Amino acid sequence: MLPADLLQKLSALTLRSRKRGSGVRAGERRSRRRGQSQEFADHRPYVPGDDLRFLDWHLYGRLDALWVKLFEEEDDRVVQVILDCSASMEGEKLEYARQVGAALAYVSLGRTDRVAIAGLSDALDHYSPPRRGRGATRAVFDTLQQIQAGGETQLDKALDAYPRHRGTGIGLLFTDFLYPEGPDKALRRLMARGGELHAFHVIAPSELRPDLDGDYVLVDAETGAEMTVSVDENVLERYASTVEAWAEEMRMTCQRLGVGYTRLHTSQPLEDLILRDLRKQGVVGR
Amino acid sequence: MNFLAPLGLALGALAAPLAALYFLRIRRRKVKVPSLLLWHALKQSEKLASPFERFRRHLLLLLQLMLLAAITLAFARPYLETDVAQFRSVVLVIDGSASMGATDLEPTRFEAARDQAEDVIDSLGVVDEVMVVYAGATTKVAAPFTRDLGAARQAVRDLQLSEAEGNLAEGLQLAFSLAKSRPDVEVIVYSDGGGEDLSAVSTGGASVKYVMTGGRSANAGIIALDLRRSPTSDLQQQLFVTVQNYGRQSTKGTVEVYLQSEMLGLRTEELPTDSPVSMVFDLPASAAGIVQVKLDADRDLLEADNEAWALVDAAALRKVLLVGGDRLTARALSADPRLDLKRIRPGAVTRSLLDEQDAIVFDGPVPDNVDGLSYMVLSPEHGGPVVFGDEVRAPRVLGWRRTHPVMRFVEWEGVTIARARKVSEQAGLVPLVEADTGPLVLAGERGGGRVVQLAFDPLKSDLPLRVAWPVLILNSVGWLTEDVAGSATVQLVPTGATWARRLPVSADPATITATGPDGKVAVQTSDGFARIGDTHAVGVYNVRLGDERIVFAANLLSQRESNISPRPTLGLSEGATNATAAAKVAQGRRELWRPLLLFGLLVLMVEWFIWNRRKVA
């Protein structure tokens, strides 16, 4: 699902929390409960920058390879990768969301976070309960792969069926924000579940500047509603401004609700996004 | 802007079905978009945008409506009143007579007319045709009906003004008859009216527009020139010059006369507006050569009539033979220095001697076979062609022909004649003096010569004692030798007329050349004649016939042309639209359907281009 070299690079990253909360593992994240439980959980290969205190010197002695010891805490964190899989996400947007979701899930699995996957439209279409460790990577990826677009966006309704998870965690919401009733309610409900929420606003280039010129009947991918338009250069320019204004509005809404916001342009290479932009934003870090 | 076919505007009603079809015809493609959310937002903001902005999206419809508008307007045939006309067939008649050389229009009336004619040609469309007719001293079709406007323009440019009396009637007649071959033909006449009576010219149904060329009448010109012997002395010649002022104000005019470039006389006179002024200049008997007369008037717009030319041949010495005769007669004859008098006895007469003479005065028996000779017989007893009858006594003179050259200044009143002979047969001669008994003096032409015959013996009358006798003798000799003397042999032609001269048999036509005032002129030779038709310039023409040199002069001398006052109307009897001003006649309808259709075509191309671009996009 993700190229091997990217996976290699992702191994060194940690999903960062904007607030210091519970559910973190010792040696990986700052926590109010640091050092309380030192129960060994897993190994992972050493990457430059890892804390040398957690190197497993025994393994080094035996295998001549550097591995880092991971410890399980009692109050661990659940990283929820929530994909908006309504019909409006169909195509490159869902694919891109799936890949970014997979990358961040991979980062989280490498740090002993538990990773849950959900695909929401007007119902809970897909769900994978929280899994931990590298061993869960395939299962997580498979779940992501299975997510297909369809149905209307009614996140609010879909959340009814979405199970609550124990402990706090981070919600990673991949959506296009094309909600008929607006995103407020859904975001509030997700926030109300405790923990923090980060929204990834997925925008395709064809949304910013549709390849249209002439007279068309536009069909809503979700509702099937139709609308007649005559498009020319001028209209396209005004449409682009409308999209820009609307995206900015989404960013403001997220900011107001305390939701992290990142705009994803599907044309941007994945590696650039994660290793440069998301690091810069502090979504991921070492 | 007006319309020739306003009904064509009804075509505009097609706009409604066109718009309806446009909107019905739009085949909107269905395109799936993630959400209509943002499009709705856009549409909401569109409502605030200007209606024009919304219409811009229907650019194709807009272009189609523009195309329809252009076609509709074109069908209604709109036109503008412009200063250039548009016709289907145009005949341009350009007057090239001398009066068109007047300078009241810059630079001359003729050139102004040419420019206006060129303007009309420039305004014609590719489907229009034009013919150019030149009406000068000669009439010619400078360009037959043609759509080659460049050729027609060149033909107009090539036209030359002539200093000759024009013949506008002939030019118009030619134009009208050629115009008959075209429907809807327009004949435009550029002229100052020409001064001719045109009422007899039939337009043949053509639409005629007269562009009055010129406006002022200030001109004085030489209208007559004559060279004659002096009435008082046969030894002198006189030059008669008549000038007339055709302007509205009297002016001063100076006439200068030159003989071979030397001034012979100069006179300045006040030229009134209503009558001609004649001047007489005496020329010496020995004068020979080219006489030039120049007029210099204060207000003068025409140059061609300010100059005239005459040619004077040297008076030749005339050979006169007096056969017999008394001293009185001999002295009378010797009084004329132009006579080469020889006196012989009647017995010494030989035919060869007689043949050498220009005139013979027989006061002795007339030999036989004198046909072809010019002679005078002083007594009926000497013989001659007239057959005389019985003698009559004391004839009484009843009258005489005072106008005959032989009788000039000869007074017969009171002449007493003792005896005379009755005339039984006049032999073709005409009585000059009539008495109650019959003719006393007869004269006439006979067998190629001239004869003067007396029916009485002067010595049996008191005539030789009277002044009338030497006058009669000299008059008779003068008349008999008139052909030889040719004292005022003037080779003059009116400008524009053809000069012709019989060629000697030996002449080689190839050697004949001629030059006029403006340089070399063409000479045509045929039927034993040399002809020069190009005499359009006033002045002296030199013709070389091998070694022989002939000089002739061409003069305008035309009251019609000197009177340059333009006529406000042509005076055609039928169907003529007379224009009082050039600007008015040049006005015409400039139809706009052609540019409208061109615009429509352009719109169509733009529409096609945009439609294709959208299709590709």
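**Figure 1. Surroundings of A:His201 in the predicted model.** Beyond four places in sequence, A:His201 touches A:Thr175, A:Asp176, A:Phe177, A:Trp246, A:Ala247, A:Met250, A:Tyr261, A:Thr262, A:Arg263 and A:Leu264 (contact: heavy atoms within 4.5 Å). The model is predicted, so local features need pLDDT of at least 70 and side-chain atom pairs pLDDT 80 or more, while totals for chains, interfaces and linings use all residues. Residues are numbered from 1 along each chain as its sequence is written, chains are lettered from A and ligands numbered from 1 in the order written, and side-chain values use heavy atoms, without hydrogens or water. A:His201 belongs to strand β8 of chain A, residues 196-203 (DSSP runs numbered from the N terminus: helices are H or I with at least four residues, strands E with at least two). Its relative accessibility is 0%, so A:His201 counts as buried (buried is under 20% relative accessible area, exposed over 50%, partly exposed in between; 1.4 Å probe, protein chains only).

**Figure 2. An aromatic cluster in chain A.** A:Phe177, A:Tyr179 and A:Tyr261 form one cluster. A:Phe177 is buried because its relative accessibility is 1%. A:Tyr179 is buried too, at 3%.

Figure 3. Over all chains, the structure holds 12 aromatic pairs. One of them joins A:Tyr106 and A:Phe141. This pair is tilted, at 6.5 Å centre to centre and 45° between the planes. A:Tyr106 sits in helix α3 (residues 92-109) and A:Phe141 in helix α4 (residues 137-146), both of chain A, so the pair ties together parts 35 residues apart in sequence. Both residues are buried. A:Arg134 places its charged end over the ring of A:Tyr106, 4.0 Å from the centre (NZ of Lys or CZ of Arg within 6 Å of the ring centre and within 35 degrees of the ring normal).

**Figure 4. A:Leu120 at the end of a strand.** A:Leu120 is found in strand β5 of chain A, residues 114-120. With a relative accessible area of 0%, A:Leu120 is buried. Which residues does A:Leu120 contact, leaving aside neighbours within four places in sequence? They are A:Ile82, A:Leu83, A:Asp84, A:Cys85, A:Ser86, A:Asp125, A:Leu155, A:Ala158 and A:Leu159. A:Leu120 and A:Thr175 are 55 residues apart in sequence. Their C-alpha atoms lie 9.7 Å apart.

**Figure 5. Helix α6 against helix α8 in chain A.** The axes of α6 (residues 184-192) and α8 (residues 233-257) come within 11 Å. They cross at roughly 30° (lines fitted to C-alpha atoms over the stretch in contact; angles run from 0 to 180 degrees between N-to-C directions). From α6(A), the contact uses A:Asp184, A:Leu187, A:Arg188 and A:Met191. From α8(A), it uses A:Thr253, A:Cys254, A:Arg256 and A:Leu257. By class, these residues are four nonpolar, one polar and three charged (nonpolar: Ala, Val, Leu, Ile, Met, Phe, Trp, Tyr, Cys, Pro; charged: Asp, Glu, Lys, Arg; polar: the others, Gly among them).

**Figure 6. Positive phi in two loops.** A:Asp64 is not a glycine, yet its phi is positive, at about 60°. A:Asp64 lies in the chain A loop between α2 (57-63) and β3 (67-72). Its relative accessible area is 60%, so A:Asp64 is exposed. B:Leu557 also has a positive phi without being a glycine, at about 40°. The loop of B:Leu557 runs between β33 (548-555) and α12 (559-562) of chain B. At 27% relative accessibility, B:Leu557 is partly exposed.

Figure 7. Chain B has 14 helices and 35 strands. Of its 617 residues, 48% are buried. Among chain B contacts with a separation of 6 or more, 70% join residues 24 or more positions apart. The peptide bond from B:Glu106 to B:Pro107 is cis, with omega near -15°. B:Pro107 is in the loop between β4 (89-95) and α5 (109-123). Elsewhere in chain B, the charged end of B:Lys140 sits over the ring of B:Tyr134. The distance to the ring centre is 5.4 Å.

Terms used:
Phe/Tyr/Trp six-rings, centres within 6.5 Å; stacked < 30°, edge-to-face > 60°.
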